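Here is a short tour of one model, meant to be read with the structure open beside you. Please take a look at the fold before reading on.

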Amino acid sequence: MIEEEGKVVTVEQGAVWVETIRKSTCSSCSARNGCGQNLLEKYRSSKQQSYIRASNDFSIEENDQVVIGIPESALMRASLLVYLMPLIFMMGSLWLATAVGWNDLLTALSAIAGLAAGFIPVRLLGQSTSDMCRVKVIKVLPRKVVGPELITTRQSWSA
């Protein structure tokens, strides 16, 4: 499960909007010197908020700290669908154009058309499997007490 902590900013029926702060992992990455992402992170502001809609089964109020998560297997399946499907269509159209004997220009155009056509099933399957990557509230973190709190207890003394 991929988890992230955040603060609830809005509560809706069956869902909450959670504000998280984007964190860069560039400092711990071994490829940071040759990566363009590391350069982009240097020029961004240090803190950027993200707002994520998460399904909710708990009793949550605004400003509660929560942990949200998504299953790793769901993220992997969605990534394969989004990245692999268009490439398979593109390679298929390349193979077909080569088998027919088209010239290089038509082969390149068919590859572009195959890539574009590969996004159609991604869109259709993405709509039908949208629950696959639904972010959920995993747990509500205990509230932090800012000041002293008066707790009254009622004791009965019996002899």
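Contact here means heavy atoms within 4.5 Å. This is a predicted model, in which local features need pLDDT of at least 70 and side-chain atom pairs count only at pLDDT 80 or more, while totals for chains, interfaces and linings use all residues. Residues are numbered from 1 along each chain as its sequence is written, and side-chain values use heavy atoms, with hydrogens and water left out.

**Confidence.** pLDDT is the predictor's confidence in each residue, from 0 to 100. Its mean over the protein chain is 81, with 70% of the residues at 70 or more. Helices (H or I, at least four residues) and strands (E, at least two) are DSSP runs numbered from the N terminus. Among these elements, α2 has the highest mean pLDDT and α1 the lowest:

| Helix | Mean pLDDT |
|---|---|
| α1 (residues 36–43) | 63 |
| α2 | 91 |

**The core.** Let's start with V16. Setting aside neighbours within four places in sequence, V16 is in contact with V8, T10, V11, I52, R53, A54, N56, I60 and V137. V16 also belongs to the largest nonpolar core, whose 9 residues include V8, A54, I60 and V137. Such a core is a set of buried Ala, Val, Leu, Ile, Met, Phe, Trp, Tyr and Cys residues joined through side-chain atoms within 4.5 Å. Strands β2 (15–21) and β4 each supply at least two residues of this core.

**A salt bridge.** R53, one of the contacts of V16, pairs with E12 through a salt bridge at 3.2 Å, N to O. The term requires a side-chain nitrogen of Lys or Arg within 4 Å of a carboxyl oxygen of Asp or Glu. R53 is in strand β3 and E12 in strand β1 (residues 2–12), so the pair ties together parts 41 residues apart in sequence. The whole structure holds 1 salt bridge.

**Burial.** Buried means under 20% relative accessible area, exposed over 50%, and partly exposed in between (1.4 Å probe, protein chains only). R53, at 41%, counts as partly exposed, and so does E12 at 33%. D64, in the loop between β3 (49–55) and β4 (65–70), counts as buried at 4%. Not counting residues up to four places away in sequence, D64 touches G6, K7, V8, V140 and R143.

**Helix α2.** The buried residues of this helix are A74, A78, L81, P86, S93 and A97. Just after α2, G101 takes a positive phi of about 95°.
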